Amino acid sequence: GYGPAFSPTHPLALAPVGSPPHSVDGFVAAFLAELNTKQGVALSHSSTNAQYLALAGTVRQYLMARWLETSRKTHEAKAKTVGYLSAEYLLGRQLGNALMASDLNEIAEKGLAQCGIDLTTLRNQEVEPGLGNGGLGRLAACFIDSLATMDVPCIGYGIRYEYGIFRQTFVDGRQVEQPDTWLALGSPWEFPHPDESVQVNFGGYTEKSVDADGREKTTWVPSWNVLGVPYNYMVPGYLNGRVNPLRLWSAQATKAFDLSIFNAGDYAEAVRAQTFAENISKVLYPEDSTPQGKELRLQQQYFFVACSLRDFLDHELEEGFDLHDLPSRIIFQLNDTHPVIAVPELMRILMDERGFDWEEAWEVTHQCFAYTCHTLLPEALEVWSTDLLGRLLPRHLEIIYGINDRFLAEVREAFPGDELRAGRMSIITEYPERGVRMAYLATVAATKVNGVAELHSQLLRDKVLPDFSALWPERFTNVTNGVTPRRFLKMANPKLSDVICDAIGSGWVTDLERLKELETYALDDDFLAAFREAKDWNKRRLTTLLRNRDGIDLPDGHLLDVMVKRLHEYKRQTLKLLHVVSLYEQVLSGKLAPADLTPRTVVFGAKAAPGYRMAKDIIHLINRVARTVNADPCLEGRLKVAFPANYNVTLAEKLIPAADLSEQISLAGMEASGTGNMKFALNGALTIGTDDGANVEIRRLVGDEHFFLFGMSEPEVAALGARGYDPGAYYQGNAAIRAAIDLINSGIFSDGDRGMFESVTMSLTHHDRFMALADFESYVAAQARVEERYADQESWTRSAVLNVARSGYFSSDRSMRDYLRRIWHTQPML
Ligand code: Z57
């Protein structure tokens, strides 16, 4: 089977030849050599940053020998590889994970102490590579961690954005974006390989000709090109000696390109052209779930996909493999539609460059791709205008038309006379302009199509791609998302990890279902006390962090109620906010005595896409409510709102372990899966949530008594939508809703300006697509159950323990086993 590969006696688990000895002395020698010879400074005069870079360089030395050994062994075994194609990798800081994966934490701590340096200080020096927006990018990072840990050969392919997700600041409560200069102080985790650069072509036209055998041949004559320079990142498995590559591509101007312009004597134009080329990997698009049809984004997509295919195929050819056998050598997993242009690219290479005929090329292409869909929102489904595609990639557009023609012929054969169906299923849409539906192209090409949680996969079949699932039922499958227990439990929550290890040993780190063994401890008073002590320690750690990072103070002894995720209307941060405003209003109006409030701190963390007006207005409102509520003595300090800016992986690692209550309150049928929900449950927070995404599975596994369910189910949402949702009726009919919204409109949060949050309140009361008011009453009732349970600390802690014990399923190791079995048909190496 696909058991986890962890073993401390793994042949590669100890330091292999070429790395410094696994001892404090060996470490110190390597560290000082790095500091002196690479950073060029003496210990006595070194900055924290120089020390951090030297430490990273030292850890790198340990990983390097394993990296080389892994690549040799994989090569020798001729193992099938997973090619994970993703425009985003939200990696989080590298140092802590690298130390953990190579068992160097203690050695580094002791060695640095000998040098008078504190390891934690150096860890905090690292700026995280934020090369992703949210869930989708973080999922990619969890998956490559799990594959390395399970000894599965995988190459992650993506883009080395010079600027990752923006740094969020607040000015007068409004979001202001700052550039993410993550590379500014050095980038010790990457290895550039300019010698392995590849050329990527764009533009131009195609030419038809007939070859010597009378076969029609197409040649693409591009008009411009750029160079893709690969940067390797190491993805270490946990204590198993495997280090897989993550290859991120950076765009550069090609020599030939500048030269022709330089020779024409136009120096300024040549420099401009260079900047133009380098723009391609300059910045991550900050939209999560709402793509903009921008030309540069399509350039990014084709750029990294063309580089990645060229890279892999060139190696195959060098090794003497026949590309007809490609499906036994690689499976490319398409992380959403962002890399789907890989499909016509592989067809083009096989036909135009390797002489395959259409059928041969299609058979190989079909077997080589699988597609994961991460959404149900129609606005998140990418459509590229044929105008733009044809200008940028004329040959690819031709191939897409060819795919569509053959596909529609198949549809007509399966459903003779059903022209409506053929029209519905066409990869090409005509409205609002002619465009390519990338999700349809992916579905037609892929061997398997999966959603990311059971409910989502079901809705994908029934609502988004019903005609496709009727045609190819066996093509559709589900793989429920997961999260890596290494980063999000062992590393982020060392206290709870120790408590768990004391009870059941350390096997859970690579075999998370073993957390089941904690169930019996849910009745053990000593264990419950230790568990609660870990939670309290995490809260103190968070309190210190937020005081230093944001000047926020968290009161002691509060229920910590946390909602952290991208800001999106469908996620309904406004529902949480209305709850806060309603509690405040009840105290203000004397309906609720402050003494009857459960002491509670509500923490928000959320970035809004810079062009998403409503999301930014909601951020503004949250900050203004926080300001007023936190300052009002009438609440007697029993209700606080904290909104630390710039929520990212680094902050998540401190916030999630401290949380008591996890807010997962999207409108049912809107959140494909969610993965934050899993991280909270795994760290012993209880969930208040709708029956949406993976919440459904979390609730089923942890049990109804340990989960606060509220709100409409997906079929109820659909029914209400069909009847016609009238938010005005809820506003008129529910006094608490009316009072809360009226309080916002009163100007109390906006220095008397009654119009400041009109966009938000008007949306909630007039046309809210996400029906926040419809679920308000049920949400408030569930919050009352939360408070009742929280009053009994013993019972709460028991539920928290059971959440941990029953969350083993949500390891991304399990997700990877599911992909291996159901989609990739490949195996771990050892
Ligand atoms: C993104 O982060 C997700 C979906 C998208 O279509 C895009 Br674009 C970005 C998220 C979903 O919203 C989450 O529900 C899901 O857990 C995550 O992807 C990983 O599958």
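Predicted model: local features only at pLDDT ≥ 70, side-chain atom pairs only at ≥ 80, totals over all residues.
The domain assignment gives three parts: domain 1 (1-76 + 101-124), domain 2 (77-92 + 128-481 + 816-824) and domain 3 (485-810). Between the centres of domain 1 and domain 2, taken over C-alpha atoms, there are 34 Å.

The ligand comes next. Because domain 2 and domain 3 both give residues to the shell around the ligand, the ligand lies between these two domains. There are 19 residues around the ligand, and those that come nearest are Gly135, Leu136, His374, Thr375 and Ser673. Sorted by class, the shell holds eleven polar residues, five nonpolar residues and three charged residues.

Attention now turns to helix H1. Running over residues 24-38, H1 contains 15 residues. From its first C-alpha to its last, H1 reaches 20 Å, which is close to the 21 Å expected at 1.5 Å a residue. Which residues of H1 are buried? They are Phe27, Val28, Ala30, Phe31, Glu34 and Leu35. Just after H1, glycine 40 adopts a positive phi of about 70 degrees.

Technical notes. Residues numbered from 1 in each chain as written. Near = placed C-beta within 6 Å. Nonpolar A, V, L, I, M, F, W, Y, C, P; charged D, E, K, R; others polar. Domains from an automatic or database assignment. Helix = DSSP H or I, 4+ residues; strand = E, 2+ residues; numbered from the N terminus. Expected span 1.5 Å × (residues − 1). Buried ≥ 20, exposed ≤ 12 C-beta atoms within 10 Å, placed from the backbone.
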